[in-house]
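This briefing is meant for someone opening the structure for the first time. It begins with a question about one residue and then goes through the chains topic by topic.

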Amino acid sequence: MTPNAYTIPDALRGKMQRYQGMALVVGVIGLLLCALGFVMSPEQLLRSYLVGYFFWTGLALGCLALLMMQYLSGGAWGLVIRRTLESATRTLPLMALLFLPLAFGVRTLYLWAHPGITATDAVIRDKSFYLNVPFFLVRAVLYFIIWLTLTQFLNKWSLDEDREGGQLWAKKLETLSAPGLLIFVLTITFASVDWIMSLDPHWFSTIFGLLILVGQGLSAFSFVIAVTILLAMVPPLSGVISKKHLHDLGKLLLAFVMLWAYLSFSQLILIWSGNLPEEIPWYINRLNGGWQWIGLALLLFHFIFPFLMLLSQSLKKNPKALASVAVWVIFLRIVDVFWLVQPNFDKAAFRMSWMDFAAPLGIGGLWLAFFLYQLRQRPLLPVNAPDLEKALAHGRPH
Amino acid sequence: MIEPVELPTKIGIGPLLGPGQNLASVSDKISGVVLNRKTTLGWIAGLFVSFMLMQGLLLGAGVLFLKGVGVWGINIPIGWGFAIVNFVWWIGIGHAGTLISAILLLLNQSWRNSINRFAEAMTMFAVACAGMFPVLHMGRPWLAYWLFPYPNTMNIWPQFRSPLVWDVFAVSTYATISLVFWYVGLIPDLATLRDKATKRFHQVTFGALALGWRGSAMHWVRYEQASLLLAGLATPLVVSVHTIVSFDFAVSIVPGWHTTIFPPYFVAGAIYSGFAMVLTLMIPVRQFYGLKDLITVRHLNNMAKVTLATGLVVAYGYMMELFFSFYSASTYEGFMMHNRMFGPYGGFYWALITCNIVTPQFLWSKRVRTNVPILFVISLIVNVGMWLERFVIVVTSLHRDFLPSSWGMYYPTVWDFAVFFGTIGLFLTLIFLFIRVLPMISIFEIRMLLPAQRVKEPVK
C-alpha cells in the first residue's frame, strides 16, 4: 500500500469545494441576518446565537472527546473516523472567534450579569463569587486555551505519524489522551454551567455537565457517521469502509442515544420527585405553556425513534438508513439545545423567533465550510497508523 | 525517549495466556483443580476461618430476630445504618461480575474469558449477601412478602412511587438473570468435567448438571445465541439496579442524598468496588492454584485500568457534589458539605477521599499496575473506601436533620458488626466452596483464545 492511497482525488476535491462554497454562502447569509437581528432585538439575537453557537461548538468539542476516546480504547471504528474527527476539532479556533459576540453580550444575555441584580436577588448575590463577568470571561479563555492546546497536539502528532510512521506517535497520542480527556471533561462541565445552566441563575443540577457532555458526544457521533457514509460512497474510501465498520459505529450511536436518555431521565425524575422550589421551576418552565410539546418531541424523536431504529442490525449495516438516522439525531440535538436555552426567557408561553433559524444556520454554514476546508488538508485515513491494516481488515470478509 | 515496542499486543505487557499452553493443558489445568487436586490444608483452613466468621451472621441474625432492630445502633434521625450501607456495598461489588461477563462480551473483549466465570460467581454471592440486609432491616422478616404486590384481603398495595419497591423488582430480576447467565455459561464446562471424571459420583453429578450437553454444532449455536441474549438483558439490568439503589437516596429531599449526579455516579462506584473485589480475590487465587499462565499480568493490568477509570468517575461525582454545594447557594447544601467534611464524622470523609480518590491515582503508573502485591493492597484500600463512601452518604446526611433539636449520632453496636462481618464470612465460604467444586475459569472460553482454535470463517 502506498502512503498516498487515501489522498483525496481531484473529483472528490472538486465536490468538497463546491459544498464548501454552498455552506459558506448559507453561513454568510445567516450571519448577515443575525446582524440584522442584532439591530432589531439584541436580546433575542443573543439567545438564538447561543443556541447555534452552543450546538456547533459542542459538535466540535464532541469530536475532540471522541478523538481522545478512540486513542484510548483502540478499535477499528476509531481509525476509520479519525480524520473526520481531527478536521472537526480544527474548527475550534473559528469557534473561539465566534465566542466574541457572547463575550460582549454577557450583560444582556445573562440575568446574573445584569447591572444591579445582586442588590435585589439574594441568591444571585450569594453566587456572585462564581457568577461574575470577569471570572466568566477568564474561565472562557481558559477553556479555549485547553481545548486548542489539545487540538494542536492531537493534530500535529497525527500528521507526524503520517509522515514518519512507527509506534512513537501512536504512543504519544495515547499518553496525551488519558489526562487530556480528564481535563476536557472538567472544562465541559464548567462551560456548561457557565454558558447554559447559569441562564437560570437559581437552578442547579449536579448531573448537568455529564448530560451536556453526552449530548455533545451524540452530536459528534451522528455527524461523523453521516460524513463517513458520504465519503464511503466515492473513491478512495469506497470499498474500504465496510458494513462491519458501519455496524460498529451504529452500535456506538445507539449506546450514546441510550446514555443521553438515561441521564436526562435521571435528572427529570429526581427533580420531579424532590419538587424543591430551587429546582423544579426549571422543569415547570419547560413542561408548560407549549414547551411541553418540545419536551415530548425530544422523548419521542430524540430517544424512542432512533432507539427503535438502531436496534435493527440490518439498519445499522445499511449506509443510507444509518445516515438518515444520524442526520435526524443531529437535527434533534439542535432542538434539545433550543429547549435548554429558550424557555429561560419565554416562561409564559412557547415562542420562536426567525432568528432561532438564522443563527444556527449561519454558524452552521460557516462551521461546515471551515470543516470541509480542513477535511481536504490530509489523507482521509491515517496512512501510517500502526493498526490501520488491522482496522481495515476488520471490515473485509475473511 | 520511548523506544518502539515490538510486541504484538498494543499494551505490550505480554500475552493473554502464558507460553506453552494447548487445548489439553488448559482443560487439565482447570478441571484438575476440581477433579484431581487433593483437598489442601490451606483450603480447609481458609474455609474454616470463613465458616467461623459466618457464624457471626447466624448469631447476629438470631439475636436480631429475637429482640428486634433495637439491638442495632439505628434510631431517629439515623434510621438507616449498617444494613443499608452493607446492602449498597455488596450489591455494588456484584456489578463488576456482570460488567465482565456481559458488557465485555458484547464489546468483544476476549481477555475477559479468564476471569468471567469467577467474577460471575462473585456476583451471585455478593447479591446473596446484599439481598439479606433489607429483609434483616425490616425487623419482621416473616412479613417480607408484603414487598410484593399481591392481591390481598386488606386491599393494601406497596407504594409504587417508592424506589424501595423498585429495588425489590430490580434486585430480584438481576439475581435471576445473573444466576441463569452463570449457569448457562457453566454447562459446556460441566460436560467437560463429566467427561474427564473418573469417579462414579463425579460422573453422575456433573452429568446431571450438564443437562445432556454433547457439544454438537447445534448446541453451540444455541449456546452462543443464549449468551448474547442474556448479555443483552444483563447490561441494562446492571445499570438499572444501581440506578434504583441511588434513587433510594436521591428521590428524597435530604441534603446529601438528593442530587442528580447520583445515578451515574453510583453505577460507576459499583463497578469500581466490584473490580477492586475481583482483584482482591483473583490475586491470591491465581497465586495459590498456579493459574498465573491463565490469569496473567495483562489481565490484572486491564482490570487495574478499569478500576482507575471508574474511580475517576467517582471522583468526578464527589467533585460535583462539592462544587454545587457552593454554587447552589443553598444553606442546607452548604451546611451538609461542611458537616460532612468537618462535622463529627469528618474523619470518615477524609479517609474515604484518601482510599477512593488518592490511592487509585497510583494506577496511572504501569509499574504499579503490573506489580501484583501493590495492586493487591490498592484493591483492598478501594474496597474499604467504597464501604466508607456508603457510610458517609447514609450516616452524615441523616445525623444532622433540618432542625438542630433532632440531631443525633449513630454508634454501631456489636450486632451491627457481627452481621456485617458475618456476611463477609458467608461470601468467602461460598467462594471457597465454589473454587473446590466447580471450574473457576471457563475452560472452553480459554480454549477459544488458543492459536489452535483460530478457524477461518468461510467467505460469505
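Predicted model: local features only at pLDDT ≥ 70, side-chain atom pairs only at ≥ 80, totals over all residues.

In which loop of chain A is Pro236(A) found? Pro236(A) is in the loop between H10 and helix H11 (243-274) of chain A, and a cis peptide bond joins Pro235(A) to it, with omega at about 5 degrees.

**Chain A as a whole**

- Chain A contains 17 helices and zero strands, and its radius of gyration of 21 Å is close to the 21 Å that the globule rule gives for 398 residues, so chain A is as compact as a globular protein of that length.
- Taken along the principal axes, the C-alpha atoms of chain A fill a box of roughly 70 × 40 × 40 Å, and 59% of the 398 residues in the chain are buried.
- Of the contacts in chain A with a separation of 6 or more, 83% are accounted for by residues 24 or more positions apart.
- The accessible surface of chain A is about 15,600 Å², and 71% of this surface belongs to carbon and sulfur atoms.

**A helix pair in chain A**

- Two packed helices are described by the angle between their axes and the distance between the axes.
- For helix H2 (residues 42-73) and helix H10 (residues 208-231) of chain A, the packing angle is about 85 degrees and the axes are 7 Å apart; H2(A) and H10(A) are therefore roughly perpendicular to each other.
- On the H2(A) side the residues that meet H10(A) include Phe54(A), Phe55(A), Gly58(A) and Leu66(A), while those on the H10(A) side include Ile212(A), Gln216(A), Phe221(A) and Val224(A).
- Sorted by class, the contact of H2(A) with H10(A) has 11 nonpolar and five polar residues, with no charged residues.

**Chain B as a whole**

- Chain B has 15 helices and zero strands, and its radius of gyration of 23 Å agrees with the value near 23 Å that a compact globule of 460 residues would have.
- The C-alpha trace of chain B spans about 70 × 70 × 50 Å along its principal axes, and 57% of the 460 residues count as buried.
- Among contacts in chain B between residues at least 6 apart in sequence, those that join residues at least 24 apart make up 82%.

**Local backbone features**

- Most residues other than glycine have a negative phi, and most peptide bonds are trans.
- In chain B, the peptide bond from Ile76(B) to Pro77(B) is cis, with omega near 10 degrees, and Pro77(B) has its place in the loop between helix H2 (41-67) and helix H3 (82-106).
- Asn275(A), in the loop between H11 and helix H12 (280-286) of chain A, has a positive phi near 55 degrees.
- Ala329(B) likewise has a positive phi, near 55 degrees; Ala329(B) lies in the loop between helix H9 (297-327) and helix H10 (331-342) of chain B, where its relative accessible area of 24% makes it partly exposed.

**A loop proline in chain B**

- Pro412(B) is in the loop between helix H13 (372-399) and helix H14 (414-437) of chain B, and at 27% relative accessibility Pro412(B) counts as partly exposed.
- Leaving aside its neighbours within four places in sequence, Pro412(B) is in contact with Phe82(B) and Phe417(B).

How values were computed:
Residues numbered from 1 in each chain as written. Chains lettered and ligands numbered in written order. Heavy atoms only, no water. Axes fitted to C-alpha atoms, helices over the stretch in contact; angles between N-to-C directions. Helix = DSSP H or I, 4+ residues; strand = E, 2+ residues; numbered from the N terminus. Parallel < 35°, antiparallel > 145°, perpendicular 65-115°, else oblique. Contact = heavy atoms within 4.5 Å. Nonpolar A, V, L, I, M, F, W, Y, C, P; charged D, E, K, R; others polar. Rg over C-alpha atoms; globule rule 2.2 N^0.38 Å. Buried < 20%, exposed > 50% of the residue type's maximum accessible area, 1.4 Å probe, protein only. Areas by Shrake-Rupley, 256 points an atom, 1.4 Å probe, with all protein chains shown as cover.
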